[in-house]
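Please look through the sequence and the model first. The briefing below then takes up the chain, the ligand, the rings and the backbone in turn.

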Amino acid sequence: MRLEETLLQTAKELGFDNYQVIDTAALHFDERFRMYCETNYCGNYDNNYSCPPACGEAKELGDKARAFERALVLQTITPVKDITNDSETKEIKRRHNQMTWSLIESVAGEVGEYLPAMAGPCQICSPCAKELGKDCPFPQKRASCLSAFCVKVDALAEYCKIPYYCEGEVAFFSILFFQQK
Ligand code: SF4
């Protein structure tokens, strides 16, 4: 099976609601999005190694992503009781990211280099070692979120013809940039 077929088949088996392989060139990056990170609404700014400023400049992350020609877009759509309830949406996001890591573990032997962009910051440790002033124990496992990459997710949804906003549900996205072995 071709690599891209394997990626799509694995995404299907893992239960993603939408999955597509696109050209990375189809993505829009807007470095001005960093100002939203800086407002620190999510509380992760300067508190998580996968977030700004520790993750690197927007251009740096964008350049890393653009170095890959192809990207697997992954989406889950999950019913939510209260979209304003952070603990509820955080748990759904954690599940989405765990599914993304499961996919990566399943296909790691078949892809060459890869770079994940997740639905939120790295959640491996709680709290992140950055908050404690310690070194990250899992630098190879940490991944930044689509916001840190400054990906325009609404434009991505439109390009892929998949939902961006869903009434009564929450849609999370992640991207696996990859290259052939
Ligand atoms: S692995 Fe732990 S310390 Fe490293 S970025 Fe993730 S949460 Fe922070």
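Helices (H or I, at least four residues) and strands (E, at least two) are DSSP runs, numbered from the N terminus. This is a predicted model, in which local features need pLDDT of at least 70 and side-chain atom pairs count only at pLDDT 80 or more, while totals for chains, interfaces and linings use all residues. Residues are numbered from 1 along each chain as its sequence is written, and side-chain values use heavy atoms, with hydrogens and water left out.

**The ligand and its surroundings**

- Around the ligand stand Asn48, Tyr49, Cys122, Ile124, Cys125, Cys128, Ala129, Cys136, Pro137, Phe138 and Arg142, where a residue is near a molecule if one of its heavy atoms lies within 4 Å of it.
- This shell is made up of nine nonpolar residues, one polar and one charged; Ala, Val, Leu, Ile, Met, Phe, Trp, Tyr, Cys and Pro count as nonpolar, Asp, Glu, Lys and Arg as charged, and the others, Gly among them, as polar.
- The largest cavity is the space taken by the ligand. A cavity is found on a 1 Å grid over the protein atoms alone, as a set of points where a 1.4 Å probe fits but cannot get out, and a molecule sits in a cavity if more than half of its atoms lie within 2 Å of its grid points.

**Aromatic pairs**

- A search of the whole structure finds two aromatic pairs, meaning rings of Phe, Tyr and Trp (its six-membered ring) whose centres lie within 6.5 Å, with planes under 30 degrees apart counted as stacked, over 60 as edge-to-face and the rest as tilted.
- One of them joins Phe33 and Tyr36, whose ring centres are 6.0 Å apart and whose planes meet at 55°, so the pair is tilted.
- Phe33 has 22% relative accessibility and counts as partly exposed, whereas Tyr36, at 54%, counts as exposed; here buried means under 20% relative accessible area, exposed over 50%, and partly exposed in between (1.4 Å probe, protein chains only).
- The rings of Phe149 and Phe177 have centres 6.1 Å apart and planes at 40°, so this pair is tilted.
- That pair links distant parts of the chain, with Phe149 in helix α5 (residues 146-149) and Phe177 in strand β4 (residues 169-180), 28 residues apart, and both Phe149 and Phe177 are buried.

**Charges over rings**

- The charged end of Lys141 is placed over the ring of Trp101, 4.3 Å from the ring centre; a charge sits over a ring if NZ of Lys or CZ of Arg is within 6 Å of the ring centre and within 35 degrees of the ring normal.
- Over the ring of Tyr49 sits the charged end of Lys130, 6.0 Å from the centre of that ring.

**Backbone features**

- Most residues other than glycine have a negative phi, and most peptide bonds are trans.
- Pro52 and Pro53 are joined by a cis peptide bond with omega of about -5°, and Pro53 belongs to the loop between α2 (34-39) and α3 (58-66).
- Another cis peptide bond runs from Ser126 to Pro127, with omega near 0°, and Pro127 is placed in the loop between β3 (111-117) and α5.
- Asn40, in the loop between α2 and α3, has a positive phi near 55° and is partly exposed, with a relative accessible area of 29%.
- Asp46, which is also found in the loop between α2 and α3, has a positive phi near 60° and counts as partly exposed at 39% relative accessibility.

**Separation along the chain and in space**

- Asp17, in the loop between α1 (3-14) and β1 (18-23), is 59 residues from Thr76 along the chain, and their C-alpha atoms are separated by 5.0 Å.
- Ala71 lies in strand β2 and is buried, with a relative accessible area of 0%; between Ala71 and Val21 there are 5.6 Å in space, C-alpha to C-alpha, and the two are 50 residues apart in sequence.
- Val80, in the loop between β2 (70-79) and α4 (86-107), is 41 residues from Thr39 along the chain, and their C-alpha atoms are separated by 26 Å.
- Gln179 in strand β4 and Leu115 are 64 residues apart along the chain, with 9.4 Å between their C-alpha atoms.

Key:
On a 1 Å grid over the protein atoms alone, a cavity is a set of points where a 1.4 Å probe fits but cannot get out, and a pocket is an open set with protein on both sides within 12 Å along at least five of seven lines; lining residues have an atom within 4 Å of a point.
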